[in-house]
Structures are given as structure tokens and as C-alpha cells.
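Please look over the model shown here before reading on. The report below goes through selected residues, then strands and helices, then cavities.

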Amino acid sequence: MGILGLSKLIADIAPIAVKESEIKNYFGRKVAIDASMSLYQFLIAVRSEGAQLTSVDGETTSHLMGTFYRTIRLVENGIKPVYVFDGKPPEMKSGELEKRAERREEAQKALEKAEEAGDVEQVDKFNRRLVKVTKHHANECKELLTLMGVPYIEAPCEAEAQCAAMVKAGKVYATATEDMDALTFGSNVLLRHMTFSEARKMPIQEFHLNKVLEGLELSQKEFIDLCILLGCDYCDSIKGIGPKRAIDLIRQHRDLESILNNIDKKKYPVGEDWMYKEARKLFMEPEVTDPEKIELKWTDPDEEGLVKYLCGDKAFNEERVRNGSKKLAKARTGTTQGRLDTFFKVLPNTNNVAANKRKVDEKKGANKKQKTGGGGKFRKPK
């Protein structure tokens with residue numbers, strides 16, 4: 001789910017924090033990709049276009065198809081992707097997971113009714129709601145990425161938190177995900193639409209956390225409280241408080257404790273067990289692997305291994321797989337050249353340099369006058 005309404009709130013109040021960019025502009029960048037979100041996109045996209053791609057045994061292969069070709073596209077554009085997979089969910093997320101399970105049950109019942117009625121549009125709608133990324137999907141993609149020479153990481157907990165930690169440590173440039181809570185976890189840069197921007201002919205959205213905080217006039221801790229108030233995966237929001245009211249309350253009271261002491265509880269009922277403190281701690285101190293202990297290594301693809309894995313039972317076209325592998329190998333040799341901004345330092349403004357030089361000269365002249373008694377020549381003491 002991420003954070004409800006956050007992207008629109010930022011666009012409305014802090015538009016300076018968001019810029020649109022083309023994929024080619026990320027040449028030479030290392031990017032941490034939220035793997036589960038990426039796989040979900042692939043499963044949804046292919047399903048919405050028709051039937052799922054399957055192996056000879058009827059097993060879904062859409063996630064493999066998407067990961068293979070989109071990763072090649074990223075690498076061809078000079079991007080060094082690293083996929084980050086979710087670990088165990090936090091205990092606090094159990095409520096959200098239960099809600100999702102209930103929604104899936106409702107969608108299943110609605111799907112059966114739509115199928116009975118022969119309503120193709122509704123069948124497609126509820127089919128998409130039933131898409132779920134499984135451990136099996138993730139494990140298959142890990143094996144694929146290994147054969148492609150692309151690194152992946154298994155986060156101990158939430159993938160977005162691990163991505164954010166890597167961005168903060170300077171291991172990667174940005175987090176690529178659709179979930180806005182990457183910002184809540186402290187990712188300095190968030191990229192949305194990266195894994196499907198070209199397929200859908202849409203630009204990549206780049207969010208900068210420092211500009212978000214500046215535009216919203218909040219500190220990081222206050223921003224976390226805002227995100228909890230908007231609605232996150234770890235606790236319910238306060239009924240009746242929408243995005244505009246939430247930002248007004250945070251700006252006025254600066255933290256959730258003060259808000260709870262000042263709002264009308266009859267108008268805005270708050271549950272006795274509202275676990276906002278625990279949610280805040282999860283965002284501020286998430287369970288992550290120390291980025292300094294993570295080694296990111298991109299290697300040459302294993303062409304024969306890819307053919308063996310993807311062709312045959314998984315029914316991929318061998319010629320296309322071999323072509324894809326060759327593209328990866330070629331792109332790897334072409335991305336050894338870094339970005340220009342890593343080679344060149346920004347030169348100081350020459351006007352400022354001249355002005356500073358004048359100030360230094362003037363100061364020296366003043367000191368000289370003081371030593372000479374203002375006469376311009378050094379006087380010997382009598």
C-alpha cells in the first residue's frame with residue numbers, strides 16, 4: 001500500500017520535489033529496485049493484456065519474461081540495477097496482510113459471479129486483483145538474475161527499508177519502487193515508473209526527499225508522523241482526517257502526541273490501541289542489513305545457463321534468449337565508463353573568485369596601513 005495520498009500531496013504542495021526524466025538520463029547510476037513491486041507489475045501488465053504467459057506445465061512465466069527483458073533494457077541504458085527482495089514482514093504488518101487476504105476472498109467471489117454472467121470486463125478486473133507475488137515467483141527470479149549477472153539482495157524485513165538504507169549509505173543512487181514509503185524510510189531519491197516507463201510511454205518520476213521536506217516545511221521525524229497520519233501499512237489512520245487536514249495538523253502541532261491532545265476525539269475517533277509509536281519506530285529504526293557489509297557485483301551473463309533455464313519447459317524462444325544475453329554482455333562493456341559528474345568537479349563561479357580576491361587584497365591593504373600608521377611607508381621606531 002505504501003503511504004495513502006502522499007504522491008498527490010507532494011505534487012500539490014511541494015512540486016519542486018518532483019521532476020520527470022527519461023531512462024537514458026540515469027546512465028552510470030546504480031539503482032536499488034523493489035523486486036516484489038517489480039514482479040507484481042509484470043504479472044499485472046501481462047494479465048491485463050490477455051492471458052498469462054505460461055510454461056508447458058501451465059506455470060506462470062510472466063514474471064520471468066518481464067524481469068529478463070526489462071532488466072536488459074535498464075542495462076542497455078547504462079543503469080546498474082540491484083534487485084532487493086522482501087524478507088519476513090514486520091509483526092505490525094499482520095493487520096494489513098489480513099485486510100489484503102479479506103479483499104482477495106471478496107475478489108474471488110466477485111470473479112466467480114462475473115464468470116457466470118459472462119462479463120469479460122469484470123472478469124479481467126477481478127483477475128488483476130487476485131494477482132499475488134509468491135515465494136516461488138521470487139526464487140525463480142533470483143535464479144534468473146544470477147544467470148544474467150545482476151546482483152540481488154534478500155532484505156531481513158521490508159525491501160523499501162533496505163533500499164533506503166543503501167541510498168543513504170551511498171551504495172546506490174536511488175530506490176526504484178511505486179511505494180512512497182521509501183521516502184518515509186529515508187531514501188534520498190525515489191524513482192517511480194522506472195521498470196515500465198518505456199513500455200507505457202511515460203516518464204520516470206524522480207522524488208528528492210530534501211526538497212519534499214523543504215516544500216512541506218517539515219523535519220524527517222515530522223514527515224514520518226505525517227505519513228502515519230495519512231495511512232501506512234503498520235497501523236490504521238484516524239478516520240475523518242484526509243491529506244489536507246493531516247498536513248495542517250502536523251504543521252500546527254509538529255508531532256502525533258500533540259495532535260492527539262488537541263483534536264476533537266468525537267469528530268476524529270482514535271482507537272485505544274492505535275500503535276503510532278511502534279509504526280514511527282519501524283520507520284526510524286527499520287531492520288536492515290548493514291549496507292557496508294553488502295558487496296554489489298555485476299558479472300557477465302551465462303548464455304548457456306540462460307538458455308537451459310528459460311527454454312524448454314519454460315517455453316522461451318532460444319534465439320531471443322541468446323540475443324538478450326549478448327545485449328547484456330555488450331552493454332556491460334559499454335557501461336564501464338562512469339558518469340561525467342564523477343570525473344569533473346564543479347568549478348567555482350569566476351565572479352565570486354574575483355570578488356573574494358578583491359576582499360583579500362583590500363584586507364591586506366588595511367592591515368598594511370595599520371602597521372605603517374597610515375602613511376603608506378614603514379616608519380622606524382624612534
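Arg254 is partly exposed, with a relative accessible area of 31%; buried means under 20% relative accessible area, exposed over 50%, and partly exposed in between, with a 1.4 Å probe and protein chains only. Arg254 sits in the loop between α11 and α12 (256–262). Helices (H or I, at least four residues) and strands (E, at least two) are DSSP runs, numbered from the N terminus. The phi of Arg254 is near 75°, a positive value in a residue other than glycine.

This is a predicted model, in which local features need pLDDT of at least 70 and side-chain atom pairs count only at pLDDT 80 or more, while totals for chains, interfaces and linings use all residues. Residues are numbered from 1 along each chain as its sequence is written, and side-chain values use heavy atoms, with hydrogens and water left out.

Ala315 also has a positive phi, of about 65°, although it is not a glycine. Its place is the loop between α14 (303–310) and α15 (318–334). With a relative accessible area of 48%, Ala315 is partly exposed.

Phe27 lies in the loop between β1 and β2 and counts as partly exposed, at 29% relative accessibility. Phe27 and Lys80 are 53 residues apart in sequence, and their C-alpha atoms are 8.5 Å apart in space.

Is Glu160 buried or exposed? Glu160 is buried, with a relative accessible area of 4%. This residue lies in helix α7 (residues 159–168). Leaving aside neighbours within four places in sequence, Glu160 is in contact with Asp34, Asp86, Asp179, Asp181, Ala182 and Phe185, where contact means heavy atoms within 4.5 Å.

The whole chain can be described in a few totals. The protein chain has 16 helices and seven strands. Of its 382 residues, 44% count as buried. Among contacts between residues at least 6 apart in sequence, 71% join residues at least 24 apart.

Strand β7 (residues 204–208) is largely enclosed by the rest of the structure, because four of its five residues are buried. Two strands pair if DSSP finds at least two bridges between them. Strand β1 (residues 18–21) is joined to β7 by four bridges, and the two run antiparallel. In this pair, Glu20 stands opposite Gln205 of β7. Strand β6 (residues 189–192) is likewise joined to β7 by four bridges and runs antiparallel to β7. Here Val189 stands opposite His208 of β7.

Helix α9 covers residues 209–216, and its residues Leu209, Val212, Leu213, Gly215 and Leu216 are buried. Seen down the axis of α9, the buried residues fall within an arc of 165°, so they line one face of the helix; the arc is that of the directions from the helix axis to the C-beta atoms. An α-helix has 3.6 residues a turn, so residues three or four places apart point the same way. The cover over the buried residues of α9 includes α1 (6–13), α8 (181–184), β7, α10 (220–230) and α11 (243–253). Just after α9, Glu217 takes a positive phi of about 60°.

**Cavities**

How many cavities of 30 Å³ or more does the structure hold? The structure holds two. On a 1 Å grid over the protein atoms alone, a cavity is a set of points where a 1.4 Å probe fits but cannot get out, and lining residues have an atom within 4 Å of a point. Grid points are joined across faces, edges and corners, and a volume is the space filled by probe spheres set on the points.

| Cavity | Volume | Lining by class |
|---|---|---|
| Largest | about 60 Å³ | five nonpolar, five polar, three charged |

The largest cavity is lined by 13 residues, of which Gln41, Ala176, Thr177, Glu178 and Thr195 lie nearest its centre. At least two lining residues each come from β2 (30–34), α2 (35–49) and β6. The largest share, three residues, comes from α2.

The lining of the second largest cavity consists of Pro90, Cys157, Glu158, Ala161, Phe185, Tyr234, Leu282, Pro286 and Glu287.

Note on methods. 1 Å grid on protein atoms, 1.4 Å probe; cavity = no way out; pocket = protein on both sides within 12 Å on 5 of 7 lines; lining within 4 Å. Nonpolar A, V, L, I, M, F, W, Y, C, P; charged D, E, K, R; others polar.
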